[in-house]
Amino acid sequence: MRLTRYFLPVLKETPSEAQIVSHRLMLRAGMIKQASAGIYSWLPLGFKVLRKIENIVHDEQARAGHIPIQMPILQSADLWRESGRYDAFGEEMLRMQDRHGREMLYTPTAEELVTDIFRAHVGSYKDLPLTLYQIQWKFRDEVRPRFGVMRGREFYMKDGYNFDLTKDAALHAYNRHLVSYLRTYERMGLQAIPMRADSGAMGGDNTHEFLVLAETGESEVFYDAEITDLKFGDRAVDYDSVEQCQAVLEEFTSRYARTDETHDEALFAQVPEDRRRRARGIEVGQIFYFGTKYSEALGATVVTPDGSRVPVHMGSHGIGVSRLLGAIIEASHDERGIIWPEGVTPFHCGIVNLKQGDAAADAACDSLYKALTAKGLEPLYDDRTERAGAKFATMDLIGLPWRITVGPRGLDKGVVELTSRRTGDSEEMSPEAAVDRIAQIYS
Ligand code: 5CA
């Protein structure tokens with residue numbers, strides 16, 4: 001993409017309404033525009049990152065054997081009356097009437113709707129296990145929407161639902177989700193720590209939240225510092241293997257790590273003092289096992305091998321897809337702007353032309369652009385007639401991990417400069433070598 005043909009409405013001023021750095025940077029980098037309280041339009045740069053995050057989520061869900069569907073945003077109140085949550089959800093649920101006076105609502109989550117799909121189409125243990133998921137807009141009428149996409153009213157969520165014959169099978173689904181979430185967040189360059197939590201409006205007693213440590217996080221957390229040394233890395237876990245998923249669960253959840261809702265001072269005191277940490281975190285996901293709560297209420301049953309009928313065991317599993325943009329920026333920025341992890345960066349690298357209009361510099365940039373594109377990479381070429389300082393400031397603000405700087409002086413020596421956004425380190429090399437290096441980084 002050439003910057004002169006793109007739509008990147010960066011702001012010079014720091015918006016005064018934004019209290020935390022990720023919100024400020026998303027506004028300044030022209031990623032989002034507030035439409036009304038807690039509701040945002042996604043501008044091209046923000047939308048691109050949202051899509052990258054969404055794709056990683058889809059990819060890892062597929063790897064775990066989960067099946068994508070899409071359910072409607074507007075739902076009838078009837079199902080929610082059946083489950084008893086129509087009243088229980090309270091003022092967070094946005095309610096409305098259609099022209100016939102029928103009560104509707106904007107989905108805050110979808111346990112009821114997916115259970116209705118299940119009961120209509122599945123009747124036998126032979127069709128289990130089954131996990132259906134979607135990535136869809138949700139609405140919760142938060143009392144205090146704040147921090148931009150972090151606590152929105154409208155937000156984008158992956159919500160998945162497992163259906164299993166027995167409690168043990170459903171607990172395997174729970175563990176499988178935990179493993180797949182570890183992989184998912186690491187691919188986005190994040191460390192998200194599973195912590196014992198409270199189940200709130202979803203119900204059930206088995207639940208973990210995934211937290212990204214950050215001073216601006218809304219949750220207070222307590223944990224054993226050893227946990228931050230754990231990396232999932234590129235281990236090959238067989239998602240069908242009960243033992244393998246169980247082993248990962250135990251490794252990642254045996255140390256003390258809890259949100260304030262479930263914090264237990266006496267237990268925490270057993271962690272060696274020098275490893276006890278009290279911090280803040282951003283909740284980027286949550287997994288639940290809630291048994292037969294919804295299947296009993298809505299009559300979602302299957303025939304067992306011995307011919308009897310039982311309600312299925314269920315759980316639900318969420319990832320805050322739009323919140324993740326804020327979480328990633330909180331975890332990865334400096335005073336000049338965002339620093340995207342390679343896994344989610346909107347463009348793979350920037351090309352800065354120091355002397356737009358200089359025939360040699362323009363030709364070198366064009367050929368770099370073509371070579372990168374031919375390798376399946378997406379560069380953002382700053383082809384504006386701006387001074388170098390302004391171009392660098394824009395690149396630093398929008399946070400592309402790599403920048404190739406092209407100028408007449410370097411070209412005389414046959415070199416361009418490759419700079420890492422994270423370390424600031426620069427290296428001179430031929431344009432061909434720069435292309436190869438970037439291709440290798442993303443391979
Ligand atoms: N039905 C379950 C799992 S599918 C559920 O709704 N879980 S949840 O309430 O924990 O939401 C899942 C994730 O969505 C949260 O972990 C959080 O990352 C994100 N989320 C929740 N509320 C908001 C909000 N107001 N703004 C942005 N993201 C949110």
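Strands (E, at least two residues) and helices (H or I, at least four) are DSSP runs, numbered from the N terminus. The structure is a predicted model, in which local features need pLDDT of at least 70 and side-chain atom pairs count only at pLDDT 80 or more, while totals for chains, interfaces and linings use all residues. Residues are numbered from 1 along each chain as its sequence is written, and side-chain values use heavy atoms, with hydrogens and water left out.

**Cavities and pockets**

On a 1 Å grid over the protein atoms alone, a cavity is a set of points where a 1.4 Å probe fits but cannot get out; a pocket is an open set with protein on both sides within 12 Å along at least five of seven lines, and lining residues have an atom within 4 Å of a point. Grid points are joined across faces, edges and corners, and a volume is the space filled by probe spheres set on the points. In the table, Ala, Val, Leu, Ile, Met, Phe, Trp, Tyr, Cys and Pro count as nonpolar, Asp, Glu, Lys and Arg as charged, and the others, Gly among them, as polar.

| Space | Volume | Lining by class |
|---|---|---|
| Largest pocket | about 870 Å³ | 12 nonpolar, 16 polar, 14 charged residues |
| Second largest pocket | about 300 Å³ | eight nonpolar, one polar, four charged residues |
| Largest cavity | about 100 Å³ | nine nonpolar, one polar, one charged residues |
| Second largest cavity | about 70 Å³ | six nonpolar, four polar, one charged residues |

Strand 13 contributes the most to the lining of the largest pocket, with seven residues. In the second largest pocket, helix 12 (residues 388–398) provides the largest share of the lining, four residues. Domain 1 (3–338) and domain 2 (349–441) each give at least three residues to that second pocket's lining; the domain bounds come from an automatic or database domain assignment.

Strand 2 gives the most to the lining of the second largest cavity, with three residues. Among the residues lining that cavity are Trp42, Trp137 and Phe155.

**Helix 6 and its surroundings**

The largest share of the lining of the largest cavity, three residues, comes from helix 6. Leu182 and Phe252 are among the residues that line the largest cavity. Both residues also belong to the contact (heavy atoms within 4.5 Å) of helix 6 with helix 7, Leu182 in helix 6 and Phe252 in helix 7. Helix 6 (residues 167–187) and helix 7 (residues 242–253) pack at an angle of about 65°, with axes 9 Å apart. Axes are lines fitted to C-alpha atoms, for helices over the stretch in contact, and angles run from 0 to 180 degrees between N-to-C directions.
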